[in-house]
Amino acid sequence: MEAEKVCYMHDWYIAFSAEYVSGEASSDNDENSEVLWVDIEEALLREDVPELTKNLIKSAISKERGLNYKEYVGNTKHAPYSLYCL
């Protein structure tokens, strides 16, 4: 009897808009090694900010509908893929 193949989605992404009130940003030393506050404009210009993060920021500040689902068929060897685009 063949074992049932179960696929789990492991990655998800989210961007938050925040307003600085007080204190210093600090890492939890588990999921990241450093944390810093930057303005939106600076984040979009920085070379160390990944393009995915820049696209999430652009989507969050746009007056458009944000990220939209697009049909996509990827490699079936791994978990199912979903594609969202601006």
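Reader: In this predicted model, what does the cover over the buried residues of α2 include?

Author: Helix α2 spans residues 51–61, and within this helix K54, L56, I57 and S59 are buried, a term that stands for a relative accessible area under 20%. The cover over these buried residues of α2 includes another helix of the chain, namely α1.

Reader: In what pattern do the helices and strands follow one another along the sequence?

Author: The chain has two helices and two strands.

Reader: What percentage of the residues in the chain is buried?

Author: The accessible surface of the chain comes to about 8400 Å², with 51% of that surface belonging to carbon and sulfur atoms. Among the buried residues are K54, L56, I57 and S59 in α2. Of the 86 residues in the chain, the buried share is 10%.

Reader: Which residues does S27 contact once its neighbours within four places in sequence are left aside?

Author: S27 lies in the segment before α1, the helix of residues 40–45. A polar atom of the S27 side chain lies 2.8 Å from the backbone nitrogen of N29, but N29 is among the neighbours that the question leaves aside. With contact taken as heavy atoms within 4.5 Å, the residues in contact with S27 are N32, S33, E34 and V35.

Reader: What share of the contacts with a separation of 6 or more comes from residues 24 or more positions apart?

Author: The contacts considered here are those in the chain with a separation of 6 or more. Within that set, residues 24 or more positions apart account for 28%.

Technical notes: Residues numbered from 1 in each chain as written. Predicted model: local features only at pLDDT ≥ 70, side-chain atom pairs only at ≥ 80, totals over all residues. Heavy atoms only, no water. Helix = DSSP H or I, 4+ residues; strand = E, 2+ residues; numbered from the N terminus. Buried < 20%, exposed > 50% of the residue type's maximum accessible area, 1.4 Å probe, protein only. Areas by Shrake-Rupley, 256 points an atom, 1.4 Å probe, with all protein chains shown as cover. Polar contact = N/O pair within 3.5 Å; in protein donor to acceptor, adjacent residues only side chain to side chain.
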